[in-house]
Amino acid sequence: MESGKIIIKGGRRLTGKVRISGSKNAALPILAAAILIPEKITLTNLPSLLDIQTMLEVLNELGANSEIGVGEVIVNTAELNKYDAPYEQVRRMRASAVVMGALLARFGKAYVPMPGGCNIGSRPINIHLDGLSKLGAKISLEKGYVKLSARKLKGAEIYLDFPSVGATENLMMAACAAEGETIIDNAAKEPEITALADFLNKAGAEIQGAGSDIIKIKGVKELKTTTYRIIPDRIETGTYIMAAAITKGDILIEEAEFDHLHTVVTKLEEAGVIFEKKDSQMRVHLQKELSPVNIRTMPYPGFPTDLQAQFMALMCMTEGMSVIIESVFENRFMHVGELCRMGADIKVDNHTAIIRGIKSLSGTAVNATDLRASAALILAGLAAKGETQVSGIYHLDRGYEYLEEKLTKLGAQIKRIHSEKILLEEENYD
Ligand code: EPZ
């Protein structure tokens, strides 16, 4: 895994077409759900990202076979013979914890390294574990491992203290094999939850209500082979919309699902971004100077926390004052310091950031700390005067497919400097 740097010469308007890739955050739990299906499954529109590679490594370590085609993968877990998730991969990508529910369902046991915290927060899994114990799992924490076992999983009514995406996914998967009906109340409503339910139902599950607060899952005897196309990545879509806005560009976005971005579109229209549907494409451009807009990040369908950093970069270049409240993660303002080094005027008080727009940012060397902060620095670099060097770009490679190629096609002056230094594996991922 290389580190390297991305160099951007700012000031170019983005124009032209960009195709949105499959969603990382839909693909990861669906890959984990392959554990529930002891046969071959085929996933198409799979993005080629480091995190997808990591999840495939987890499955292969557990005994699965996977063949990667172009934008698709065939996974066969018939030979799965282990229920302990590999430490190296879980440490590298905490989202691997989403194999817990499926391993418990398949083997009646699951040993998963406690996913560490990361730059954006402590990322506990108490909601996951409370729910799994309600389904009958015995849980112990030993030497940094979560050890779960359940002679039999029984359906239960589970209320989530917070609509956790990962907890909803883990519980949905475990409930597919539980006896009777499980109700998840205050469930996460993200499109990635609905996608997971659609995939599982195609394989024979009986899940209703995904996308609403109440999800009902009837346990079934078995799940069968199926194929599934991964939904478009709404966070990548939002990132390119803001890349167009920050460079006062005019782009056409293809293969996106704008229904998954209703709040984001509403907020950006308020700021002055124009959206024009053209058949299966969406034209995004500006008619006038942008106006400052306030946001508070919320669970879906509220403004997504994964677009907060990118929105902040956009507000840095928008005359006037805007307020951003981050209410999902406890420490998701790591990009503020780096944006200020580019000349931004941002004051942070706990979970609130106050941004005063300035005429222009100045390019300099900046360091990415987490996946979405790195996207914000790229956006800032696209608009800044002069050259910006973004290091820590392995974060980007985890979540943005063909980023430089897509931006270059849109007219950006961007290139990657490969560095021989092999990344030391001390980094945690969000
Ligand atoms: C998913 O993470 C996404 N990751 C995140 O995207 C996204 O930011 C997040 O949902 C919120 O939308 C994937 O889908 C792989 P949560 P997840 O459980 O499931 C607290 C990206 O950039 N919490 O909804 O980990 C937690 O600390 C990534 O692509 C508990 O307290 O998010 C956080 O404050 C970053 N206890 C809040 O809930 C728990 O047991 C939201 O977490 C679980 C969560």
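Reader: By class, how many nonpolar, polar and charged residues does the shell around the ligand have?
Author: In this predicted model, the shell around the ligand is made up of 10 nonpolar, 6 polar and 7 charged residues.

Reader: And which of the 23 residues come nearest?
Author: Those that come nearest to the ligand are N126, I127, S164, D306 and V328.

Reader: What does the side chain of N126 do with a nitrogen atom of the ligand?
Author: An N or O atom in the side chain of N126 lies 2.7 Å from a nitrogen atom of the ligand. On the oxygen side, a polar backbone atom of V328 is 2.6 Å from a ligand oxygen, and a polar side-chain atom of K24 is 2.9 Å from an oxygen atom of the ligand.

Reader: How much of the ligand's accessible area does the protein cover?
Author: The ligand has 820 Å² of accessible area on its own, and the protein covers 88% of that. As for its location, the ligand sits in the largest pocket.

Reader: Which helices and domains supply the shell?
Author: At least two shell residues come from each of α1 (24-33), α5 (126-134), α6 (165-175) and α12 (371-383), while domain 1 (5-21 + 232-429) and domain 2 (24-229) each give at least three.

Reader: Switching to the backbone, where is the peptide bond that is cis?
Author: The bond from Y300 to P301 is cis, with omega near 10°, and P301 belongs to the loop between β17 (295-296) and α10 (308-316).

Reader: What about phi at K248?
Author: K248 is not a glycine, yet its phi is positive, at about 55°; K248 is placed in the loop between α8 (234-246) and β14 (250-254). Most residues other than glycine have a negative phi.

Note on methods:
Residues are numbered from 1 along each chain as its sequence is written. This is a predicted model: local features need pLDDT of at least 70, side-chain atom pairs count only at pLDDT 80 or more; totals for chains, interfaces and linings use all residues. Side-chain values use heavy atoms; hydrogens and water are left out. A residue is near a molecule or strand if one of its heavy atoms lies within 4 Å of it. A polar contact is a pair of N or O atoms within 3.5 Å; within protein, one must be able to donate a hydrogen and the other to accept it, and residues adjacent in sequence count only if both atoms are side-chain atoms. Accessible areas come from the Shrake-Rupley method with a 1.4 Å probe; for residues, only the protein chains shown count as cover. On a 1 Å grid over the protein atoms alone, a cavity is a set of points where a 1.4 Å probe fits but cannot get out, and a pocket is an open set with protein on both sides within 12 Å along at least five of seven lines; lining residues have an atom within 4 Å of a point. A molecule sits in a cavity or pocket if more than half of its atoms lie within 2 Å of its grid points. Helices (H or I, at least four residues) and strands (E, at least two) are DSSP runs, numbered from the N terminus. Ala, Val, Leu, Ile, Met, Phe, Trp, Tyr, Cys and Pro count as nonpolar, Asp, Glu, Lys and Arg as charged, and the others, Gly among them, as polar. Domain bounds come from an automatic or database domain assignment.
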